[in-house]
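Please open the model in the viewer and keep the selection panel at hand.

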Amino acid sequence: MRELRNLFSLMVGSKRKYVDPSRAVEILKDAFKSSESQQQDVSEFTHKLLDWLEDAFQMKAEEDREGEKPKNPMVELFYGRFLAVGVLEGKKFENTEMFGQYPLQVNGFKDLHECLEAAMIEGEIESLHSAENSARSGQEHWFTELPPVLTFELSRFEFNQALGRPEKIHNKLEFPSMLYMDRYMDRNREVTRIKREEIRRVKEHLTLLQQRLERYLSYGSGPKRFPLADVLQYAMEFASSKPVCTSPVEDIDSSAPPGGTKGQQLSLPSTAEQDPLPPLESAGPASASTAAQQQRVAIHKPFTQSRLPPDLPMHPAPRHITDEELRVLEVCLHRWRSEVENDTRDLQGSINRIHRTIELMYSDKSMMQVPYRLHAVLVHEGQANAGHYWAYIYDPHQRCWMKYNDISVTKSSWEELVRDSFGGYRNASAYCLMYINDKKPFLIEEEFDKETGQILSGIDKLPPDLKQYVREDNELFDKEVEEWDSLQVRKAQQEKLVLAAAAAAAASSISTSSSSPQPMSVESSPPDNTVAQQEPEYMEQPSPTNDSKHLQEDTERAISRAAAEQEERSPEALLTASPPPPEVQAAPPPSDPVTEDESPGQRTVEVAIPNVGTFVIESEEGGYDDEAMMTPNMQGVIMAIGKSSSVYEKNGPETAFFKAIKLEYARLLRFAQEDTPPEKDYRLQHIVVYFIQNQAPKKILERTLLTQFADRNLAFDERCKSIMNVARAKLDLIKPEEVNMDEYEMWHQAYRNFRDTTIFMMTGLDLFQKTNYMEALMFLIYSYQYNKELLSKGRYRGHDEELLGHYRRQCLLKLNEQAAAMFESGEEPEVSTGLGLMNELVVPCIPLLLVHDTERDLLAVEDMRNRWCSYLGQEMEPNLQEKLTDFLPKLLDCSAEIKSFHDPPKLPSYSTLELSERFVRVMAAVGGR
């Protein structure tokens, strides 16, 4: 009880977007636990909840009473009384009974008043109104006291004896927004009985009128019947048609080709069509009689011969009719048709007046004194053993209907409520109606402060203890928000400072090493940066606040120097700035130390490297990797070496190495900080960009860059080979304790995971664009799951989650549409294929959409379920009905438990260049969605 008070008070005054009901729900689950371990119907749950709350309030009321009769708010709000008046085996009786939710049968009734009228009268009741001592039994119910909140439980389920299972009733049942209960009150018993008797007599007369009208509207003695007025009109049209002197058969026979009997004429057309006569000139030698016969036979013309003769009437007509006969017949038919139309019009008018009389029978003011306004409608969609629930609740302050559908609360309208609640549309219908007494405004009106007269809202409506509870929770929430905001600010500042520190540290380290060449290791930090020396892993730690400005200035200077030193020349010119080595222009001379021991296995090839140029490369057989030379990483390294050519000529390979690695790092840093469109992702081209954006430790960055400069494929050129040897020497000088190789491998494995996720995503999007939804689904499902794991470790570790979520939803919706279309075909192979597609692909994926409770995913699941639930109200073969009944519980399972799933599909292999180019094409095709 205490938890429910706390829960409801938080719902009234909490600042949170939603309130966690877990503690109250767990208590209710324990209280309502059943021995059968079966899922309870919502009506059963509501009954138990009301009973449980009534008992709890009763216990509290008895504890607090002081000589007075205890008051139970549950009874006062939700419970009323009715008087049962009847006859049992000829003896009259009257009993007063209490009710909470009043049950009403739906089947066979068109609106709520018809349901109530039937529920208020049970059995044979004639003896109640007669003086005779009849043995008939029956009873009437008359409300003596109505609760402020009047709840009707609509029974929409019945047991199908033929099928041996319960079924839902989808019949349409209308209910008003304002319900007057006067006719059901005990104080109006005599007036209501008189009106019911009058309505009964009027309805008997109405039945006779409807039967007479039906004879006019469905005239005839055969299986097909038509309105009598139309029959007379058709007879008049027939008589007025132009008479013909020959029968239709004779007219058609006269137009047939001459020669032969009638029987032959009927069989000749198909033969003439299949074996047309050859032209005379190609007939070859033939007798004169044959030629003459061919000339006499009419040529069959299938497109003109089938046309009706011009004098044949369009409609049947009498063969013989005189003017006098026609005149008399027209006069009679006109008169009869007018009489029929007048009779039909009078009958329809009388029927409409009777309907109006019945509607206004209770419209006088004396019978409109107990108004109840519709406040809430609980809706069920599905079948008897599975489905989905939501509710419409009227907000009197906003004066609109609100739709409460799981976590989604949206504004709605009376039209939407009618569509979803009346029934007869798809398979959604109301199962519970809650009306409130319109003469007790305290139930919904604003509350006012007794002293100030101001409107009370939210937390001010609560009693002191709950008000304090909500305030404490709101204060706790405010602190949580402040801490979260501070954390986000710190993360953003840390991210900026880390990038700045990385640039400054790299620039200072390279500058120091350039003036005094030393082995590149973890100790090569700026001499004035004592913090970096004390904390070698400083890139994982927040930088000191007083150093942020200094680090930012160092970063800007490093990038400016790198940009200023780049010459405005092409990459080819940069590589050929100094006199090229002999082996680049021609075959190497014997004096060259590299080729002095040239063997027959050595080869010379010409390679065109994109964005760099065309080169003549010599290497040993198998020592050169074409694919590696084409990667963006290798292109960047070659360009950096080309731009350091002047330093190479003046100071040697080691100084040129530091110059090149500084230029390459500055270039990659700009890529990492650049705001690019979705299709241009530098992380796919450069692993270092991925490391920079995700704040990898400085030593991981250094070793990765060194490894790129130490690539054996750089041996195609003397200058590149010299710098490659310097990089290899630096790698050899790094001690095992200076770089944690486990951490190094972990970062590279993270990049491989990012690359695999990209391939999953790219393949899935490509297949989706080609409408191959079955294959696309698995790629999109796995890419979304893997991508979510990546993003949990950092925002730059994966791709756009909304993009992947959108195409995952769309793929499931497309497959659902295909499967539904197969089911609608009714053909056994198609139906089995469609249901198999749902069971094997779509249904296992639904928990993946439910687990994170995003609004768009929930709407997609609701759309898929609605499509299949809509078949419940349709006529179909018994075998289809059985398959649908077996399938729907799986589809409507609301649990978010992820069941067994398919193994991930096998990934195709791509080089870095192929992956980057295909990624651009695929992302451009989807257009970022």
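Select strand β3 (residues 101-105) and β6: the two pair in the parallel sense over five bridges. Strands here are DSSP runs (E, at least two residues; helices are H or I, at least four), numbered from the N terminus, and two strands pair if DSSP finds at least two bridges between them. Within this pairing, Gln101 stands opposite Thr151 in β6.

This is a predicted model, in which local features need pLDDT of at least 70 and side-chain atom pairs count only at pLDDT 80 or more, while totals for chains, interfaces and linings use all residues. Residues are numbered from 1 along each chain as its sequence is written, and side-chain values use heavy atoms, with hydrogens and water left out.

Next, select strand β14 (residues 428-437), which pairs with β6 in the antiparallel sense over five bridges; Ile436 in β14 is the bridge partner of Val149. Is β6 enclosed or open? Six of the seven residues of β6 (residues 149-155) are buried, so the strand is largely enclosed by the rest of the structure. Buried means under 20% relative accessible area, exposed over 50%, and partly exposed in between (1.4 Å probe, protein chains only).

Move to the largest nonpolar core, of 107 residues; Phe657, Leu714 and Trp868 are among those with the most contacts inside it. Such a core is a set of buried Ala, Val, Leu, Ile, Met, Phe, Trp, Tyr and Cys residues joined through side-chain atoms within 4.5 Å. Apart from it lies another core, of 36 residues, including Leu116 and Phe152.

Finally, colour by pLDDT, the predictor's confidence in each residue, from 0 to 100. The chain averages 76, and 71% of the residues score at least 70. Over residues 254-308 the pLDDT is below 50.

Methods. Contact = heavy atoms within 4.5 Å.
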